[in-house]
Amino acid sequence: MADKTRLHQILINLLSNATKFTEKRGKIKVGARVNIQENTVEVWVKDNGIGISKNMQKIIFDRFEQIDKSGFKSGVGLGLSISKRLVEMQGGKIWVESTKGKGSTFYFSVPIAG
């Protein structure tokens, strides 16, 4: 049911952020699973990078919001808002679990056809 091109774009956005905010010797993991109860496929991108404070977790999916506003990291703060829109257009949801200084896991789910 999902749009392959849009799923690819979402994954690229999440992987790009994970790479940007994880040290050179850090780790990034990607995984997926079927959630039978919700009839969805759930995908995650996990890193052990800088993490995100609770306050920032509330707004990072908004347009032009960034964790690092110093300009040190590239980007304008649109990747997560675009990803959120693309996931929601396919009937899914996106969320984050993170601890400042310990890394983040971004999840998104999309419905399974049937």
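Modeller: Before we start, helices are DSSP runs of H or I with at least four residues, strands are runs of E with at least two, and both are numbered from the N terminus. This is a predicted model, in which local features need pLDDT of at least 70, side-chain atom pairs count only at pLDDT 80 or more, and totals for chains, interfaces and linings use all residues. Residues are numbered from 1 along each chain as its sequence is written, and side-chain values use heavy atoms, with hydrogens and water left out.

Colleague: Thanks! Which pattern does the protein chain follow along the sequence?

Modeller: The order is α-β-β-α-α-β-β, with 3 helices and 4 strands in the protein chain.

Colleague: What makes the 4 strands a sheet, and in which order do they stand?

Modeller: Two strands pair if DSSP finds at least two bridges between them. Strand 1 and strand 2 have 8 bridges, antiparallel, so they meet that requirement. Strand 2 (residues 40–47) and strand 4 are also antiparallel and joined by 8 bridges. The 4 strands make an open sheet in the order 1-2-4-3, with antiparallel pairing.

Colleague: Why do strand 1 and strand 3 count as edges?

Modeller: Strand 1 (28–35) and strand 3 (93–99) each have a single partner strand, so one side of each has no neighbour in the sheet. On average, neighbouring strands of this sheet are turned by 15° against each other, direction ignored. Axes here are lines fitted to C-alpha atoms, for helices over the stretch in contact, and angles run from 0 to 180 degrees between N-to-C directions. Helix 3 (residues 79–89) packs on this sheet and touches strand 3 and strand 4, and its direction makes about 140° with that of strand 3.

Colleague: Why is S104 called buried?

Modeller: Its relative accessible area is 4%, which falls under the 20% cut-off, so S104 is buried. S104 belongs to strand 4 (residues 103–111).

Colleague: Which residues is S104 in contact with, leaving aside its neighbours within four places in sequence?

Modeller: Contact means heavy atoms within 4.5 Å, and the residues that S104 contacts include V45, I52, V96 and S98. The C-alpha atoms of S104 and V45 are 8.2 Å apart, although 59 residues separate them along the chain. The bridge partner of V45 in strand 4 is F106.

Colleague: What makes the S104 pair with S98 a polar contact?

Modeller: A polar contact needs a pair of N or O atoms within 3.5 Å; within protein, one must be able to donate a hydrogen and the other to accept it, and residues adjacent in sequence count only if both atoms are side-chain atoms. The side chains of S104 and S98 are paired at 2.7 Å, so the distance falls within 3.5 Å.

Key
Buried < 20%, exposed > 50% of the residue type's maximum accessible area, 1.4 Å probe, protein only.
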